Structure formats: structure tokens, C-alpha cells
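Please examine the structure shown below.

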Amino acid sequence: MQLELRHLEAVCRIAEAGSLGRAAARLGVSQPALSAQLRRIERAAGGELFVRGRHGVEPTPLGEFVLSRARRVLGEMDALAAGARAAAPHPTLRLGCILLVLMDRLIGRLEEELAGLEVEIGIEHSVTTLSRMLGAGQYDAIVYGEVGDHEVPLPEGVAARTLVPKEPFCVRMSAAHPLAGRERIDLAELAGETWMTMVEDDDGGPEALVGACRKAGFTPTLRYRIADRKMHYDLIAAGRAISVSQPTAPPAEGTVLRPLTGDPLTGRIRLAWNRTAVSGRRAAHLYRAAGLAYLDNVPNNAFHRTWWEARPELHPVLERPGPG
């Protein structure tokens, strides 16, 4: 078997994730399939590339050698794609996003801000994938989230701007839950609950949730990982799980959203764009459209509207871009 680009990317993702499970989720494959692929790659490379260490899988000396070459090759391919994109601009603006609440309003806001420009929007479940696709020229800009102290690494040639520097996550639970009548809930009161696993596992969210729960005195039980919103909400309404949620999320029948005392989990929303594909003025329009889309959802929950209005320093600056 000859090594291909997809094999090099798999090796890099395993090294970055530190485990086959997390790498498989980021690559969109099953863990057994990735394990089998790694065995084939190791046979082609002539030896073991990773061993289990104290903190997950770690590269062997051969693995370090392959990784250094793989990163160089993938970097050259990304540069080739970006250069081709710059030499022959695509007439459509390609925007990649994760499943943020503001997406519900963003399309309409983009039509207002970028009237006459065709915009293609792709949804990904991995910010790592978004960043890589941006660097490779497959997206011109991305909107993504970061949780806690996590910072998404961005490729060269990319500019970024924070849209919302801080928002406190809340909890969604069944309307029949014993705590549903409370205005605010202590995280420690949710020990023993079954939690819906976050769809994105590389934005710092899972680590932040586990860390916050451990500070509250328990380790959360993570069971379901469902991207479909209706199924997600139906499981919660049935009392089978609770979940972390953005505070701007809309109501869902049979469920309630409640803030957590002390804001133990917070995130931020960012916009990044490829400088060769998006002008400064167009980036400003994108920022304004995303900011307005976020503000459209602030009134969804009275508790967040009160929290948000008390913190004007967090509000996005939404002046209309000038000419040029």
C-alpha cells in the first residue's frame, strides 16, 4: 500500500487528538475503522507510529519522523489550494460553521449585508475540520465557538475577530424535572444526571464540562451524542438526559432552559477568514451579519437578556462598513 494524503491527515489528527477515539470523531469515522487504517499505515511506514502513554497515544521516534514529513506535505497542499483559490477566485462566498444558535438567523442577515452575493454555507461538527478547510481554501470564512480556555489553532494567512467574547452556558432539562421550577440551578445539584454529549468534541467543550462538574464534586455521565435538534430535544423532554446549551437557544416543547449559578461554563464565538479570498470590507459585513444574528436570539430567554444587557462591554461593535 502507498501512503496517500488521507493517510497523512489521519496520522496528524491522531497526534493532535491524543487518542484514537477523539481522532476518529474529528475525521468522521468509527474508532475501529481508524484503528484498522492506522495498522495499514504502520505496515506501509515500516513500524509502529504510536504507543500508549500516560496521557493517551504518543508518537514513537518513527512516528515523529512521519509526522514531521506529513505536516510539511499537508502544508504544501494547503498552500497549493489557497494559491489556486487566489489566482482564480470563486464567484461564491463559501462560509463554514458549526451548529451555533445564530445560524438560524445568519442566512437572512447575510442576504441583507451582502446583497447580490451568492453565499454557500456548510455545517461541520468539528472546528478542527473547519480550520483545516479554511486553510485549504475550501471555505473562505468560518464562524465557530471556543469553550473555556481552549483556543482553536488557525492556519497561516487567516485573520480572526471575536464576535462574542463571553456567553454563559445554561442547562436544558425536561419541563417535568424536579429542578425545572427553579430560576437558577447549582451545577452540583445535577450530579447523577445523564448528560447529552456535546456534538463538537474539539472546541474545548467536553473537557470544560467534565472539569466544571469535577469542581462541583462529581463526574458527569455522558451518554448520547446527537446532532439532530428534534431528536436531541425529544430525548430531553422525555427525561432521558439533560444537556449544556447556549443561552440564546430557542424554547423547545417539553423542555426548559435554566442558567447555572456562578456561570461555571462559558464560551465565545469567533469569525475567521482567508485574507486572499475575503477583503477587509467583506469581512466587516460578515462580522456585522453574524453579530446581528446573535442579537436576534438574545431575547429568546429572559435570564440571558438580563445578563447580556448588564454587560455592554461584551456586545459586538456593529457599525456599518464604509466604502472601499
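Predicted model: local features only at pLDDT ≥ 70, side-chain atom pairs only at ≥ 80, totals over all residues.

## Packing of α1 and α3

Two packed helices are described by the angle between their axes and the distance between the axes. For helix α1 (residues 5–17) and helix α3 (residues 31–45), the angle is about 115° and the axes lie 11 Å apart. That angle makes α1 roughly perpendicular to α3. The crossing of α1 and α3 is left-handed.

On the α1 side, the contact is formed by R6, H7, A10, V11 and I14, which meet L34, Q37, L38 and I41 of α3. By residue class, the contact of α1 with α3 comprises 6 nonpolar, 2 polar and 1 charged.

## The largest nonpolar core

The largest nonpolar core contains 42 residues, and L102, L106, V143, I269 and L286 have the most contacts inside it. At least two residues of this core come from each of the helices α5 (103–113), α6 (127–135), α9 (280–297) and α10 (302–309). The strands β3 (93–97), β5 (141–147), β6 (158–168) and β12 (266–274) likewise each supply at least two. The most is given by α9, with 8 residues.

Among the residues with the most contacts inside this core is L286. Leaving aside residues up to four places away in sequence, L286 touches L93, L110, L114, A141, L271 and V278.

## A separate core

Another core, of 20 residues, lies apart from the one described above. Its members include F169, I185, I242 and V244.

Key
Residues numbered from 1 in each chain as written. Heavy atoms only, no water. Axes fitted to C-alpha atoms, helices over the stretch in contact; angles between N-to-C directions. Helix = DSSP H or I, 4+ residues; strand = E, 2+ residues; numbered from the N terminus. Parallel < 35°, antiparallel > 145°, perpendicular 65-115°, else oblique. Left-handed = near helix turned anticlockwise from the far one by under 90°. Contact = heavy atoms within 4.5 Å. Nonpolar A, V, L, I, M, F, W, Y, C, P; charged D, E, K, R; others polar. Core = buried A, V, L, I, M, F, W, Y, C linked by side-chain atoms within 4.5 Å. Buried < 20%, exposed > 50% of the residue type's maximum accessible area, 1.4 Å probe, protein only.
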